[in-house]
Amino acid sequence: MKLNIEIPIKGRACPRPRRSGGGGVFMPKPYKDWKKQVVELLQKATDERDIELCEVKMLFLFSKPKRLKKTSGRVPRGTKPDTDNLAKGVLDALQDSGILKDDKLVYKMTACKMWKSEEESECIQIIISTS
């Protein structure tokens, strides 16, 4: 099975948990709000649930900064946020949405971040393949 999902939202890195004054830990509100929105978009995008052993490919497309506006096509993005932290946020959302049974069942993962071409919109493209 091969599942292609494109969600129209800008990628966001998964931050480190913060410590509260009472000694507990929490995730920052902007990240929690982003992840909630991604979960909703994923659930609308597919009825597929509880995928087990799989490969996940992710492509994060971002708007180009002014210095790159004259370049055509996609351009690799070598700046923050870190690609692994972008992927972590998406894996968490895939699990919270119920699409993945558990993100530990991802045996292979590829993640790429690019500056988008003029014709494209900021988005996250996800391909999930099972054996």
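## About the model

This is a predicted model, where local features need pLDDT of at least 70 and side-chain atom pairs count only at pLDDT 80 or more, while totals for chains, interfaces and linings use all residues. Residues are numbered from 1 along each chain as its sequence is written, and side-chain values use heavy atoms, leaving out hydrogens and water.

Helix H1 spans residues 29–45 and helix H2 residues 83–96; they pack at about 55°, with axes 9 Å apart. H1 and H2 are therefore oblique to each other (angles under 35 degrees count as roughly parallel, over 145 as roughly antiparallel, 65 to 115 as roughly perpendicular and the rest as oblique).

On the H1 side, the contact (heavy atoms within 4.5 Å) includes Tyr31, Trp34 and Val38, and on the H2 side Val90, Ala93 and Leu94 are among the residues. By class, the contact has eight nonpolar, two polar and three charged residues.

## A charge over a ring

Look next at arginine 77: its charged end sits over the ring of phenylalanine 62, 4.3 Å from the ring centre. The rule asks for CZ of Arg, or NZ of Lys, within 6 Å of the ring centre and within 35 degrees of the ring normal.

## Two backbone details

Lysine 80 and proline 81 are joined by a cis peptide bond, with omega about 5°. Proline 81 lies in the loop between strand E5 (75–76) and H2.

Aspartate 50 has a positive phi, near 55°, and is not a glycine. Its loop runs between H1 and strand E4 (54–62).

Technical notes. Axes are lines fitted to C-alpha atoms, for helices over the stretch in contact, and angles run from 0 to 180 degrees between N-to-C directions. Helices (H or I, at least four residues) and strands (E, at least two) are DSSP runs, numbered from the N terminus. Ala, Val, Leu, Ile, Met, Phe, Trp, Tyr, Cys and Pro count as nonpolar, Asp, Glu, Lys and Arg as charged, and the others, Gly among them, as polar.
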